[in-house]
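Before going further with this entry, I would like to set down some points for you to check against the coordinates. Please have the sequence and the structure open as you read.

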Amino acid sequence: MTEPPVPRCLIVWLSEWPEAEQRLFDPFIAKLEALAPGVQQIRPGLMAVRTRGPVRYYGGEQATARVFIDGLAAHGAPDVRVGVADGVFAAQQAVYATSPDAPVLVVPEGGSAQFLAPLPVAVLEDDELSWLLPQLGVRCLGDFAALGQRSVRDRFGERGVYLHSLASGRDETPVVPRVPPSQLASQIDFEPPLARTDQIAFSIRQMADGFVNRLLEHHLVCTELGVVIVTERDEVIERVWLHPEAFDARAVIDRVRWQVEAAAGVTITAPVALVRLEPVGVDAAYRHEPGLLGAASDERVHDTLSLVQSMLGHEGVVTATIGGGRWLAERTVLTPWGDKAAVPQPVDRPWPGQLPAPLPSVVFPVPRRVNVLAAAGGSVQVNERGTLSGSPQVLVDDYGRRRIEGWAGPWPIDERAWDPARHRRACRFQAVDDTQGAWLLFLDEGGSWWAEGRYD
């Protein structure tokens, strides 16, 4: 029996958009909705659109992509890119593979599995699978897709089957417009308004239970929760909370309480008169059934860090992701806790001159100025043939002089030779000093030495 085709999806990406700027992003969603109905926001800067209607109206997928790019660019959107493929997941990977010179990538119908096959399993954004599958020799989506569905279900449950379908190019997740069904939102008005956090938390318990149960009646769970708080002075504090799995009633109450505590005396100065819960992001309930390893520890970590983030601000807690590139500083991508990491440079592309694993445990955001001396005392240099002027003997930095006991290199880097403004040449070295400190160094084309990182 032939499987039905996966619905086509178009992803629009504002690649340079800061994820925290949701309010500034809303006008671009409205502009895209004026060009095509049924727009779903995945995150600030990333939107999904059903292709069937727009493609017929504008005359093809390429033409539709150009209409969206031109329309948003005329509205002031920076660096608009479009990816089209079978399913939301494949289309999202397609848009990440675009570039400023080629802002549109259309994966042929039926070709999503072939397109996804070489991508690393890390793009599934599942910590358990991203760690375990490479240990089993399954490093790319094609390898994962080749596994039997029954074996995947036995080991990882329905969540694993869902991820297996993504890797196989069979993502049937529908594009859900950004406005959630009104019957799924919940609101409570306090009369009189409440000033104490514990009173608010106690008063919303029944609403939180009803909010979660109403979603379950539709076979849905909430993965992104919008909380709107209004005081009797009409002060408004809004926040969208994310969850690694799905919100239950306790997690909903915690988010409201944290949001009130963080805003009290700062953003809001009066008792709370209204609390509204909105399911900003929903997913099918069966995909969030616990696997064999469970998810309780992950939820506790997420709850703790979300609480700290509510006190320090959206960018007060960040997670690090390794991106693509040749230099360690540009490969370090810091993402606010709870947000999906947007890697500006794909990891899976070839990066000649990229440092292989293991990477330094300490990466200097700005390289530190050092000097490497030969036995005669002069700075070690490298000529055009890659020959050193002398053997590295001494490492000098702001903290003193260290004798070099071992070194390796040079490994040349010559990037972007076609762009005079961004052309860069350097030579990398590794060195171990007499305190057993290991360093990653490079010599730039001006003859200056720098420390890029340290192995601790």
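The numbered points below go from the whole chain to individual elements and residues.

1. Overall composition. The model is a predicted one, and its protein chain holds 13 helices and 17 strands. Of the 456 residues in the protein chain, 44% are buried. When contacts between residues at least 6 apart in sequence are taken, 59% of them join residues at least 24 apart.

2. Strand β17 and its partners. How many of the 7 residues of strand β17 are buried? The answer is 5 of the 7 in this strand, which covers residues 449–455, so β17 is largely enclosed by the rest of the structure. Strand β12 (residues 362–373) pairs with β17 in the antiparallel sense over 5 bridges, and A451 in β17 is the bridge partner of R368. Strand β16 (residues 438–444) also pairs with β17 in the antiparallel sense, here over 6 bridges, with W450 of β17 as the bridge partner of F442.

3. β16 and β17 form a hairpin with 4 residues between them, and in the turn G447 has a positive phi of about 90°. In the loop between β15 (424–433) and β16 lies Q436, which has a positive phi of about 65° although it is not a glycine. Q436 has a relative accessible area of 56%, and because this is over 50% it counts as exposed.

4. Helix α10. This helix covers residues 205–217 and has 13 residues, and the distance from its first C-alpha to its last is 18 Å, close to the 18 Å expected at 1.5 Å a residue. Its buried residues are M207, A208, F211, V212 and L215. Seen down the axis of α10, these buried residues fall within an arc of 130°, so they line one face of the helix. Q206 and E217 are exposed on the other side of α10, and just after the helix H219 takes a positive phi of about 60°.

5. Helix α3. The 14 residues of helix α3 (residues 61–74) should span 20 Å at 1.5 Å a residue, and the end C-alpha atoms are 20 Å apart, which agrees. Buried residues in α3 are T64, A65, F68, I69, G71 and L72. G76 follows α3 and has a positive phi, near 100°.

6. R81, a buried arginine. Is R81 buried or exposed? R81 has 9% relative accessibility, and because this is under 20% it counts as buried. R81 has its place in strand β4 (residues 80–86), and a polar contact of 2.9 Å joins its side chain to that of D79. Leaving aside residues up to four places away in sequence, R81 touches I11, V12, W13, S15, V95, T98, S99, P100 and P103.

7. T267 and a contact across the sequence. T267 is found in the loop between α11 (249–263) and β9 (272–284), and is partly exposed, with a relative accessible area of 39%. Although T267 and I237 are 30 residues apart along the chain, their C-alpha atoms are separated by 7.1 Å. Not counting residues up to four places away in sequence, T267 touches E235, V236 and I237.

8. Cis peptide bonds. Two bonds deserve a check of the local geometry. The peptide bond from E191 to P192 is cis, with omega near 5°, and P192 lies in strand β6 (residues 186–194). The peptide bond from G409 to P410 is also cis, with omega near 0°, and P410 has its place in strand β14 (residues 400–415).

9. E125. In the loop between α5 (112–116) and α6 (127–135) lies E125, whose phi is positive, at about 55°, although it is not a glycine. At 46% relative accessibility, E125 counts as partly exposed.

10. Cysteines. How many disulfides does a search of the whole structure find? The search finds 0 disulfides. C140 counts as buried at 19% relative accessibility, and C222 likewise counts as buried, at 1%. Since the cut-off for buried is under 20% relative accessible area, the value for C140 should be read with that limit in mind.

Key
Residues are numbered from 1 along each chain as its sequence is written. This is a predicted model: local features need pLDDT of at least 70, side-chain atom pairs count only at pLDDT 80 or more; totals for chains, interfaces and linings use all residues. Side-chain values use heavy atoms; hydrogens and water are left out. Helices (H or I, at least four residues) and strands (E, at least two) are DSSP runs, numbered from the N terminus. Buried means under 20% relative accessible area, exposed over 50%, partly exposed in between (1.4 Å probe, protein chains only). A polar contact is a pair of N or O atoms within 3.5 Å; within protein, one must be able to donate a hydrogen and the other to accept it, and residues adjacent in sequence count only if both atoms are side-chain atoms. Contact means heavy atoms within 4.5 Å. Two strands pair if DSSP finds at least two bridges between them. The expected span of a helix is 1.5 Å times one less than its number of residues. The arc is that of the directions from the helix axis to the C-beta atoms. A disulfide is a pair of cysteine sulfur atoms within 2.5 Å.
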